[in-house]
Amino acid sequence: MGMRLSEDDEPATGQPDSTGRPRLPEWLRPGWGRARRHPRLAWAASLLIVAVVLFFCYRRETQTLQLGADPAGQALQAWQMWHGNPLLRGWWLGDVNFYTVELPMNVLIEMVNGLKPDDVHIGAALVYMAVVVLTGLLARGRARGWEGVVRAVLGAGIMLAPSLVYGTRVLMQGPDHMGTMIPILLMILVLDRAPERWWVPVIVGLMLTWAQVSDPLATYAAAVAVAVACGVRACSGGVRRQLPSKDRWYEAALVVAAIISVGLAHLILARINAVGGFYFPPPKNGAGLAPLSELPVHSRLTGYSVLILFGADFVGQPFGVNTFLALLHLAGVALGFWALLIGLRGFFSRMDRVTQALVAGTIIILVAGAFGAYMTAPVVGAHEIIPVLPFCAALAGRLLGGRLVKARLEPVLAVGLACYIGALAYNDVQPIVAPGHQDLAVWLTAHHLRYGLAGYWESNITTLDSDGRVRVAALADYGTSAEPYESDSAWYNPAVSTANFIVSVSSPASDARLIRASVLSARFGQPSRTYHFKEYTVRVYGYNLLTRLTIPTIGGFLYLPKMLASDAYAGWLDDVLDQLGLERTALVGVSLGGWLAFDYAIRRHYRPRRDRLPRFADDQLRGLTLVRADHRAGPGGQPLRRARPGRRGRAPAAAGPRARGLPAPRRCRLIGWRRRR
């Protein structure tokens, strides 16, 4: 790990050494001597100092970007994990859950900092700093001395200064695929540094599972890449007899570990949901291929997304400082893809295992970007091919660092590094941008409006901006239903939550069309008060809006068996009937609605009788019809059974286990009754 320094390496002032490099000045000689005596400690201290400096620089750069709803949603998830909901019970997540990487990191941040918008900046800065440092270590490989330093600086330097506009948005916006690179790079470092022992495939398989539980992208960027690289090594080594049979087991074990990790990750996610944990949908655009007619457009967008990742997105920008810095970053693109071409040439012959895995991962991600269904826009596409940046940067350090040392091009590397540091400094002096909708959070707090609804882009971010004092849940379908994306189903449960206002916006147009005033009027009626504040319209109502909201049941998060043990839903239905002004009614419960309908009936109107069939105690409830309802629809989950009157209307005696349970009362029709054992 450390640099090896011999006695001949000690510098003297004024004269060049035997290699022609200038010697250190006198004031640096004491520190050099200590580094020579403790090289590993000196390397670790230097790495720590660089990491701390990079963290503060990146944190300042993230503050130039306006926060949005997506990272705010992950901050709220971490807050619930910290406050007794580690499995995120009841949460609808996106198609990337971040459960094993960014969310635990956010929990630690919020334990110290509380629930604040700055949590997102801190988390994004920590993630990108860690990826830059890990890329430098991976680029260094097993090289020592000066060559190891050049390799590490070259690999980390390519990633040092993201572009101010798109680069910061893609790489530092908060939880994203960039965080997935931490376990992937750690896994590749294990492959690079660990000896070939039986336990290494086990560790690699566990780390691959760790990454894939958090992000499906790790399957293609890491698991498939390791399987391909090690499979090629095992097959080519056997054909060319470059590897003895006793050594090919190691490559085969790594292939098996990568394959098993894919199934294990899916099993873990399914088990989490089965025990009541979070639900996340499959990839929104699927895992298939786009039509071949879209290949030219996707290829062009993939190329532009690569420029965004490397900070070289000069296309379409007016000439100025940003354009100059983007053109400067073309050097990083050239170095990264030069190293990729070298890796491709030697992929089936002379390359080491780690280089082959990096090359395979890069090619797989680029091909998936060009042929897949996610390359719909430059910024969106750049998110999906994020592994290309650290992989190419690490390849540049591993394959080009030694060549630069042999060609004595370190001064050129130093000039390029100085330019990248200048670009990072320029990014850090840009003005700080306030989080999105912070003014709305302040206004709602001042008007004592604590719980309401809004479009997705005004929901979670407003909650985070208010430090959790105001909760705004997201709406879908123009304002008629709950948004099952980055949301907690309990926010929409009228038995435990109450919402009395709706926020809509007039600009930008992409946000304004999510909520329609005509739809709100038709669904919720006229508000009791209406406020207009900047681009916001706040409608305040005199009842719980959640009682008229359509709530999806995906993920199984209604928790009806547990909720029916309390009086919560019956009280909610009392409020609904009061609002409608109904004195006499008949209830029809379909499927899950049968739980609600029958629970209400037996809590409010049920009268059991010992020798006759039970009946409703008054005429307020005229009838009850259950259509394809669960047989356990009784109070607290008691089973409900059919009961036919015997002679003179008497109830038949219980006969065996099938007759056990609560008999259905008169005026209760059971249609399509499902009996589950």
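In what sense do E7 and strand E8 (residues 536–540) pair, and over how many bridges? The two strands run in the antiparallel sense, and 5 bridges link them. Within this pairing, Arg529 stands opposite Val540 in E8. Keep in mind as you look around that this is a predicted model.

**The sheet around E7 and E8**

Let's step back to the sheet itself. It is an open sheet of 6 strands with mixed pairing, and its order reads E4-E3-E2-E6-E8-E7. Strand E4 (481–482) and strand E7 (529–533) stand at the edges; each has a single partner strand, so one side of each is left without a neighbour in the sheet.

**The chain as a whole**

The protein chain holds 25 helices and 15 strands. Of its 677 residues, 51% count as buried. If you take the contacts between residues at least 6 apart in sequence, 75% of them join residues at least 24 apart.

**A pair of helices**

Now to the helices. Two packed helices are described by the angle between their axes and the distance between the axes. Helix H8 (residues 177–193) packs with helix H9 (residues 199–214) at an angle of about 170°, and their axes are 9 Å apart. That angle makes H8 roughly antiparallel to H9, because angles over 145 degrees count as such. On the H8 side, the contact is made by Thr180, Pro183, Ile184, Leu186, Met187, Val190 and Leu191. H9 brings Val200, Ile203, Val204, Met207, Leu208, Trp210 and Ala211.

**Two residues to look at**

Leaving aside neighbours within four places in sequence, Met207 is in contact with Pro183, Leu186, Met187 and Val190. Met207 and Pro183 are 24 residues apart in sequence, yet their C-alpha atoms are 6.4 Å apart in space.

Ser261 has its place in helix H11 (residues 245–274). Its side chain is joined to that of Gln212 by a polar contact of 2.9 Å. Beyond its neighbours within four places in sequence, Ser261 is in contact with Gly205, Leu208, Thr209, Gln212 and Ala223.

| Residue | Relative accessible area | State |
|---|---|---|
| Met207 | 14% | buried |
| Ser261 | 1% | buried |

Both values count as buried because the cut-off is under 20% relative accessible area.

Methods. Residues are numbered from 1 along each chain as its sequence is written. This is a predicted model: local features need pLDDT of at least 70, side-chain atom pairs count only at pLDDT 80 or more; totals for chains, interfaces and linings use all residues. Side-chain values use heavy atoms; hydrogens and water are left out. Axes are lines fitted to C-alpha atoms, for helices over the stretch in contact, and angles run from 0 to 180 degrees between N-to-C directions. Helices (H or I, at least four residues) and strands (E, at least two) are DSSP runs, numbered from the N terminus. Angles under 35 degrees count as roughly parallel, over 145 as roughly antiparallel, 65 to 115 as roughly perpendicular and the rest as oblique. Contact means heavy atoms within 4.5 Å. Two strands pair if DSSP finds at least two bridges between them. Buried means under 20% relative accessible area, exposed over 50%, partly exposed in between (1.4 Å probe, protein chains only). A polar contact is a pair of N or O atoms within 3.5 Å; within protein, one must be able to donate a hydrogen and the other to accept it, and residues adjacent in sequence count only if both atoms are side-chain atoms.
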